[in-house]
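I opened my notebook to record what I looked up here. My entries follow below.

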Amino acid sequence: MIFAHKIALDLTQAQETSCRKAAGTARFTYNWALAEWRGQYRRGEKPTAAKLKVQWNALKHERYPWVDEVHKDANQQPFTHLNTAFQTFFRHDAKYPTFKKKGQHDTFYISNDKCTVQGKRFRIPTLGWVRMREALRFDGKLMSAVVSRTADRWYVSLSVQIETAPLACENQAGRVGVDLGVKHLATLSTGEVIDGPKPLRAALTQLRRLNRALARRVKGSANGRQTTAKLGRLHARIAAIRSDALHKLTTHLTQDFAQIVIEDLHVKGMVRNHKLARAIGDMGLGTFRRMLTYKGAAYGAEVMVADRWFPSSKVCRICGVLHDGLTLQDRVFVCGGCGHPEDRDLHAAKNLEAYPGLQGNDNVCGLWSAGQTAQAPGETRQDEAETTKCVHVRT
């Protein structure tokens, strides 16, 4: 199992300049390889990352002698990244690769045989030892390191391979259902409600002020660069606050519960609602599932994903009657069959906890299977037998 630990670096001005050179070399190499790939493809050739790498190594010392000022991985690893980008594109999992822009992709890779960690020190090839804000938390084999810049700060992400079993927790309870939302970040079937920090909403006034100030600055001026730096630091702070809240929530869930049931949210489709897009993005729902998946594997918790069309908010958990008229404005669920009233989010979380097929809880499953009619616009459903079956995803 491989863990990554991102640590802030304390760099001198000379060390920061060297890191910028390495990041610039990696960015230039990637853009050169992408341009060559596109050119060869237009000429009817069949480009590959391996061929482009051989071509680059044959001409780099003559045409671009400054690449020797930084370590070798900075102008070699970009070919692997380009190959991965095209493989992802061919699988239709991403868009066509694009060129990297200065200031937005300041990062470079270091292989495990060239980096060393000693306490709170990290050695970068051709640069020497640099200070880290904290020591590495994991003991294991160091696989690689990636140095990157966010706003005006530099970080190193250390990948460590740990040959151990999952970090089992003795106080793990049974199963819990988790309902995500925009009013509350998460509502658990135990009744616990976790509010999200909503950092973008809190900093929106300051963001607008800085954006207006930047629009009045002369492009390339000292004041323009200073305002851009302030705006970058604010965006980085917003992302850090959101990430911190998600890390605390996912760690709490995976350490305290053995089975966690969540919804299969289509976040990309949800943000198409222009009235809720900002609130949905401010919660980081997609990042929540990614964190929960790898932390579940680390702590031995089983993460289960309910069927995307399972109406957890609309099915009465007492009698199983489907409430088709429930809207987003209705914060209290009232069953039309038995009259059972309950908070909408808590009701959905309890339905997820009793998700069909888990230890014989098939009351909701049978009633939903008999009466479900929900279908997303533009989406094709499979046959009824596949639609109503219970889906368990173990990570």
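I began with a definition: buried means under 20% relative accessible area, exposed means over 50%, and partly exposed lies in between, using a 1.4 Å probe and protein chains only. I noted that this is a predicted model, where local features need pLDDT of at least 70, side-chain atom pairs count only at pLDDT 80 or more, and totals for chains, interfaces and linings use all residues. Residues are numbered from 1 along each chain as its sequence is written, and side-chain values use heavy atoms, with hydrogens and water left out.

**Entry: the whole chain**

I looked up the totals. The protein chain has 395 residues, and 40% of them count as buried. Its secondary structure comes to 12 helices and 14 strands. Helices (H or I, at least four residues) and strands (E, at least two) are DSSP runs, numbered from the N terminus. I then checked contacts, meaning heavy atoms within 4.5 Å. Among contacts between residues at least 6 apart in sequence, 67% join residues at least 24 apart.

**Entry: aromatic rings**

A pair of aromatic rings is described by the distance of the centres and the angle of the planes. I used this rule: rings of Phe, Tyr and Trp (its six-membered ring) pair if their centres lie within 6.5 Å; planes under 30 degrees apart count as stacked, over 60 as edge-to-face and the rest as tilted. The rule gives 15 aromatic pairs. Why is the pair of Trp56 and Tyr64 stacked? The ring centres are 5.5 Å apart and the planes are at 20°, so the pair counts as stacked. Trp56 and Tyr64 are both buried.

Trp56 also pairs with Phe79, and this pair is tilted, at 6.4 Å centre to centre and 55° between the planes. The pair links distant parts of the chain: Trp56 lies in helix α2 (residues 49-63) and Phe79 in helix α3 (residues 77-90), 23 residues apart. Trp56 has 0% relative accessibility, so Trp56 counts as buried. Phe79 is buried too, at 3%. I found one aromatic cluster formed by Phe28, Trp32, Trp56, Tyr64, Trp66 and Phe79.

**Entry: Val67**

Val67 is in the loop between α2 and α3. Is Val67 buried or exposed? Val67 is buried, at 1% relative accessibility. Val67 and Thr25 are 42 residues apart in sequence and 6.4 Å apart in space, C-alpha to C-alpha.

**Entry: charges over rings**

A charge sits over a ring if NZ of Lys or CZ of Arg is within 6 Å of the ring centre and within 35 degrees of the ring normal. The charged end of Lys6 sits over the ring of Tyr155, 4.9 Å from its centre. The charged end of Arg121 sits over the ring of Trp129, 4.2 Å from its centre.

**Entry: Val146**

I placed Val146 in strand β6 (residues 141-150). Val146 is partly exposed, at 29% relative accessibility. Not counting residues up to four places away in sequence, Val146 touches Thr107, Phe108, Tyr109, Tyr155, Val156 and Ser157. Val146 and Ser159 are 13 residues apart in sequence and 8.6 Å apart in space, C-alpha to C-alpha.
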